[in-house]
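Subject: The structure I promised you

Hi,

Here is the structure we talked about, with the sequence alongside. Have a look at it first, then read my notes below.

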Amino acid sequence: LVIQRLQKQVKATEQENIEMKRKLEEVLNALATLKAASDQRESDLLKKMTEMKDTIDIMAENAREDRCRLVDEFEKERARIRSKMRDVDELLEEQRQELTTMFDKKLSLQDIEFH
């Protein structure tokens, strides 16, 4: 009778162990699934961060190129305007000399008329 009771207890304990092992495997499988999902999410986030960094790098490079291009265009335009201003200054100087010569001739003609 004692042996039968012990055998029943052993059998019950074995059943409990089997049930605990099954539940433990379920928990372990759930944890493995969560870890896989977490790893995938981390991988996705790293990929997105890398894509964003690459996009920012490209935008920064484009901005540098645009800035250089605009500075070059500005310098060319400034040189063109300075050249035109020199041309205008030369024309004005020529006209001033012509007017001075004409004025001097007119004065000398008037001087001749007065004498």
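Searching the whole structure turns up 10 salt bridges. A salt bridge here is a side-chain nitrogen of Lys or Arg within 4 Å of a carboxyl oxygen of Asp or Glu. As background, side chains of opposite charge can pair when their charged atoms come close.

Before the details, two things to keep in mind. This is a predicted model, in which local features need pLDDT of at least 70 and side-chain atom pairs count only at pLDDT 80 or more, while totals for chains, interfaces and linings use all residues. Residues are numbered from 1 along each chain as its sequence is written, and side-chain values use heavy atoms, with hydrogens and water left out.

Now some of those pairs. E26 makes a salt bridge with R22, and their closest N and O atoms are 2.3 Å apart. Why are they about one helical turn from each other? Because E26 and R22 sit 4 residues apart in helix 1. (Helices are DSSP runs of H or I with at least four residues, strands are runs of E with at least two, and both are numbered from the N terminus.) E26 counts as partly exposed at 44% relative accessibility, and R22 is partly exposed too, at 38%. For these labels, buried means under 20% relative accessible area, exposed means over 50%, and partly exposed is in between, using a 1.4 Å probe and protein chains only. E26 and R22 also belong to a network of salt bridges that links them with E19.

Further along, R78 and E75 join their side chains in a salt bridge, at 2.9 Å from N to O. Both lie in helix 1, 3 residues apart, which is about one turn of the helix. R78 is partly exposed at 33% relative accessibility, and E75 is partly exposed at 36%.

R80 and E77 form another salt bridge, at 2.3 Å from N to O. Being 3 residues apart in helix 1, they too are separated by about one helical turn. R80 has a relative accessible area of 38%, so it is partly exposed, and E77 counts as partly exposed at 36%.

Next, the overall shape. How many helices and strands does the chain have? There is 1 helix and there are 0 strands. The radius of gyration is 49 Å, well over the 13 Å that the globule rule gives for 115 residues, so the chain is more spread out than a compact globule. That radius is taken over C-alpha atoms, and the globule rule is 2.2 Å times the number of residues to the power 0.38. Along its principal axes, the C-alpha trace spans about 165 × 15 × 10 Å. N17 is in helix 1 and is partly exposed at 48% relative accessibility.

What about the surface? Buried residues make up 0% of the 115 residues. The chain exposes about 11,400 Å², and carbon and sulfur atoms supply 61% of that. Accessible areas come from the Shrake-Rupley method with a 1.4 Å probe; for residues, only the protein chains shown count as cover.

L24, V27, L28, L31 and L34 form a nonpolar one, with about 490 Å² of accessible area together; L24 lies in helix 1, which covers residues 2–114. D87, D89, E90, E94 and E98 gather in a patch of negative charge, and D89 is in helix 1 as well. Patches are made of residues with over 30% relative accessible area and no salt bridge, joining like charges within 9 Å and nonpolar side chains (Val, Leu, Ile, Met, Phe, Trp, Tyr) within 5 Å. In counting charges, Lys and Arg are positive and Asp and Glu negative, while His and the chain ends are not counted. The place of a charge is NZ of Lys, CZ of Arg, CG of Asp or CD of Glu.

Cheers
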